[in-house]
Amino acid sequence: MESSQEHTLAQTFLSTGNQMAVLRDSLGTLKGFVKMATYVQTVDIGHFAPADEREALTREALTREVQRGLIARPRSLSPWMFYDAEGSRLFERITTLPEYYPTRTERAILAGYADAIIAAAHGDRSLPLRLVELGAGTASKTCILLEAALRVSDDVAYVPVDVCPDALELACQNVACALPEVRMQPIVRNYVTHPLQLDLFDGTTLALYIGTSIGNFSPEEAQLILRNLCSQLQTGDALLLGTDMVKDRRTLLAAYDDNDGITGAFNLNILHRLNRELGANFDAACFRHRVLWNSIECRIEMHLESTQEQDVSIDDADLDLHFMPRETIHTENSYKFTDQGIRRLLTQVGFEVRGTWKDSRGWYTLTLACLG
Ligand code: AVJ
């Protein structure tokens, strides 16, 4: 698998004529992020921990999170735990499901307004432009914005940030292949547990927090994430925020409980991940995917419900758990927004709203905010 992946990588670069990557013969021996760093055009290796160090950090974060969340009542786990290689793959499938409207709705807004968004974000066209994307995943929609950026500037850099190295690797391949003139500086990072620190940049930075990732966080956590992002930006920089809007309950519930059971598999993958990475012995067949709309908190909630009384141990975290029938683990919140809610959140942390773009049904909003 490793070698076929590298074969694909080499092919990508041969076909795009990325000489730097083609000249390297070390692709086969380097692992994980360092491997990625060999084919991006400009990369500051100092930013990136080697794969084994990164894996140790991930294990540590996973251990801490299960020790917190599975002992607490009600039990909960943080949604960043979804995104191992398998979880990222399942999420990509979710984004193509008929019931899951957010991704295609956001893509349609971007396709219609990317030039307007870039024009509003990047006043001085003589300056270089840097797009920094939190939770980039495979960056499937970002190319639309990068293309628009390349129409106004010939100096465009892209900094995708994601917790999942496998997703990030795909992001780099996608962008390198479609837009070889974009300079890439990928960062593997859990921006929830380790706030982002950006290099100073001589030009305009447009931070992208799209895909309604912010919906995973409570209003307080969302404020914290945006405050940190704000502290990394300078006057003239901007933020593009993607948010899923409140709408009828049936549409919302269907988006998180699809007919093919892909969202269920995505939810249950957390248990498989704990079996794989922390020596747990969850029997995923004894847990069910549960979705509800919490109208008071304005959020979709996903839970894993134990179908019976059962014992589970997580060896590497020294945990022995006892589940009662119907007992749940709360695995995700997906907050839905209103216009006022978006504005309040952004102004609270020091941003000023400069523009908003929506689809015709008003199901999704992209908001451009600048440092006020
Ligand atoms: C990646 C957080 C935006 O909340 O819609 C999709 C994740 N969970 N289906 C969302 C998700 C279940 C998604 N975000």
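User: How do I read the two faces of strand 2? Which residues are buried on one side and which on the other?

Analyst: In a regular strand, side chains alternate between the two faces of the sheet. Here both faces are covered: Leu-129, Leu-131 and Glu-133 are buried on one side, Arg-130, Val-132 and Leu-134 on the other. Buried means 20 or more other C-beta atoms within 10 Å of the residue's own; exposed means 12 or fewer, partly exposed is in between, and C-beta atoms are placed from the backbone. Strands (E, at least two residues) and helices (H or I, at least four) are DSSP runs, numbered from the N terminus. The model is predicted: local features need pLDDT of at least 70, side-chain atom pairs count only at pLDDT 80 or more, and totals for chains, interfaces and linings use all residues. Residue numbers start from 1 along each chain as its sequence is written.

User: What does that say about strand 2 as a whole?

Analyst: Six of the six residues in 129–134 are buried, so strand 2 is largely enclosed by the rest of the structure.

User: Which strands pair with strand 2?

Analyst: Two strands pair if DSSP finds at least two bridges between them. Strand 3 (residues 156–162) runs parallel to strand 2 over six bridges. Leu-134 faces Val-161 there. The chain gets from strand 2 to strand 3 through helix 7 (residues 142–152), a right-handed β-α-β crossover. Right-handed means that, with the strands pointing away from the viewer, the path from the first strand over the helix to the second runs clockwise. Strand 6 (residues 204–209) also pairs in the parallel sense, over five bridges. Val-132 stands opposite Ala-207 in strand 6.

User: Now the ligand. Which residues are around it?

Analyst: A residue is near if its C-beta atom, placed from the backbone, lies within 6 Å. The shell includes Ile-94, Thr-212, Asn-216, Tyr-256, Phe-266 and Glu-332. Helix 11 (262–278) and strand 12 (328–335) are the elements giving two or more residues. Domain 1 (4–82 + 249–333) and domain 2 (101–247 + 337–370) each supply at least three. Those bounds come from an automatic or database domain assignment.

User: Is Gly-236 buried, exposed or partly exposed?

Analyst: Partly exposed, because 15 other C-beta atoms lie within 10 Å. Gly-236 sits in the loop between helix 9 (219–231) and strand 7 (238–244). Its C-alpha atom is 8.2 Å from that of Ala-121, 115 residues apart along the chain.

User: And overall, what share of the protein is buried?

Analyst: Of 372 residues, 41% are buried. The secondary structure comes to 12 helices and 14 strands.
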